[in-house]
Amino acid sequence: MKKILLLVLVAITTVSFSQESMTEGVVYSKQTMSTDNAQMQSQLAMIGDILTTTYFKEGKTRSETSNIMTGSSYSIMDSENNEMLMAMNNQMTGKKYVVKSMEPSEEDLKNVTITKGDETKTVLGYECQEYNVEVNKDGVVVTMDVYTTDKLTAISQQSTMMGADLNGFPLYMTMNMSQMGMNLTITNEVTEIKKESVSDDKFDMTPPEGYEKTDKLQGM
């Protein structure tokens, strides 16, 4: 009986610690893609999981993504200056970067419908609120099931693109779309959260050397 009580107390303590608000740290996540199209699925299998490391501190966030097949990219968001720097390096685009406002355009917001869901999901000890999102753009409808927490001060690209109706940082998200008769599902899940000091150098908004400025980056 004593052992059972001890295990319960340890579980409660762990959950309580995990759910504390965090203003500085590192978030690790993975993205997987799947489709009902056999030919495309074999190509997605070659890509494998896409891993992202996100650093956050004092209203600033940096996300870094790297994959052998898709190349590397990173984004820095500064809420104080309301600016975002995004850079991408892959075989198709080469080295490109863009600097833009974090405010979504009125045109973008017209294409997005966000509804607060009835469900919650616990991810790594954080209780997350569900949001149902539909994006209708260029004839393609994308539906998203997003679970966010308000315990992390990190900024997500999803929240900057979709406006104030999507609150919190996503810890779990599924995205579904259909194009040219093919159904595609993208799942993004946070796998680890660390509370640790982050260097200010991570949030330097200076454009990367050797990169060409552009107005828009494909895929970001």
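This report describes the fold, the surface and selected residues of a predicted protein model.

## Basis of the model

Because the model is predicted, local features require pLDDT of at least 70 and side-chain atom pairs count only at pLDDT 80 or more, whereas totals for chains, interfaces and linings use all residues. Residues are numbered from 1 along each chain as its sequence is written, and side-chain values use heavy atoms, with hydrogens and water left out.

## Overall composition

The secondary structure of the protein comprises 4 helices and 12 strands. Helices (H or I, at least four residues) and strands (E, at least two) are DSSP runs numbered from the N terminus. Of the 220 residues, 38% count as buried; buried means under 20% relative accessible area, exposed over 50%, and partly exposed in between, with a 1.4 Å probe and protein chains only.

The accessible surface comes to about 13,300 Å², and carbon and sulfur atoms contribute 49% of it. Accessible areas come from the Shrake-Rupley method with a 1.4 Å probe, and for residues only the protein chains shown count as cover. Among contacts with a separation of 6 or more, 52% involve residues 24 or more positions apart, where contact means heavy atoms within 4.5 Å.

## The sheet and its helix

The 12 strands form an open sheet with mixed pairing, in the order β7-β8-β9-β10-β11-β1-β2-β3-β4-β5-β6-β12. Its edge strands, β7 (112–123) and β12 (212–213), each pair on one side only. Two strands are taken to pair if DSSP finds at least two bridges between them. Helix α2 (residues 38–47) packs on this sheet and touches β1 (24–35), β2 (50–57), β3 and β11 (182–194); its direction makes about 155° with that of β1. Axes are lines fitted to C-alpha atoms, for helices over the stretch in contact, and angles run from 0 to 180 degrees between N-to-C directions.

Strand β9 (residues 140–149) is largely enclosed by the rest of the structure, because 7 of its 10 residues are buried. It pairs in the antiparallel sense with β8 (residues 126–137) over 9 bridges, and with β10 (residues 169–179), also antiparallel, over 8 bridges. Y147 of β9 is the bridge partner of E130, while V142 has M177 of β10 as its bridge partner. In the hairpin of β8 and β9, which has 2 residues between the strands, D138 adopts a positive phi near 55°.

## Strands β3 and β4

Strands β3 and β4 run antiparallel and are joined by 8 bridges. One of the bridge pairs consists of S66 and S72, the latter in β4. A salt bridge links D78 and K60, whose closest N and O atoms are 4.0 Å apart. D78 lies in β4 and K60 in β3, so this pair ties together parts that are 18 residues apart in sequence. D78 is buried at 5% relative accessibility, whereas K60 is partly exposed at 28%.

The loop between β3 (60–67) and β4 (71–78) contains M69, which is partly exposed at 46% relative accessibility. M46, I68 and M69 make a nonpolar surface patch of about 400 Å². Patches consist of residues with over 30% relative accessible area and no salt bridge: like charges are joined within 9 Å, and nonpolar side chains (Val, Leu, Ile, Met, Phe, Trp, Tyr) within 5 Å.

## Salt bridges

The count comes to 7 salt bridges, each being a side-chain nitrogen of Lys or Arg within 4 Å of a carboxyl oxygen of Asp or Glu. Among them, E64 and R62 meet at 2.6 Å, N to O; E64 is partly exposed at 23% relative accessibility, and R62 is buried at 14%. E192 and K194 form another, with their closest N and O atoms 3.9 Å apart. E24, K57 and D200 are linked in a salt-bridge network.

G25 lies in strand β1 and is buried, with 0% relative accessibility. Beyond neighbours within four places in sequence, G25 is in contact with T54, Y55, F56, K194, K195, E196 and V198.

T53 belongs to strand β2 and is buried, with a relative accessible area of 17%. Residues up to four places away in sequence aside, T53 touches V26, V27, Y28, R62, S63 and E64.
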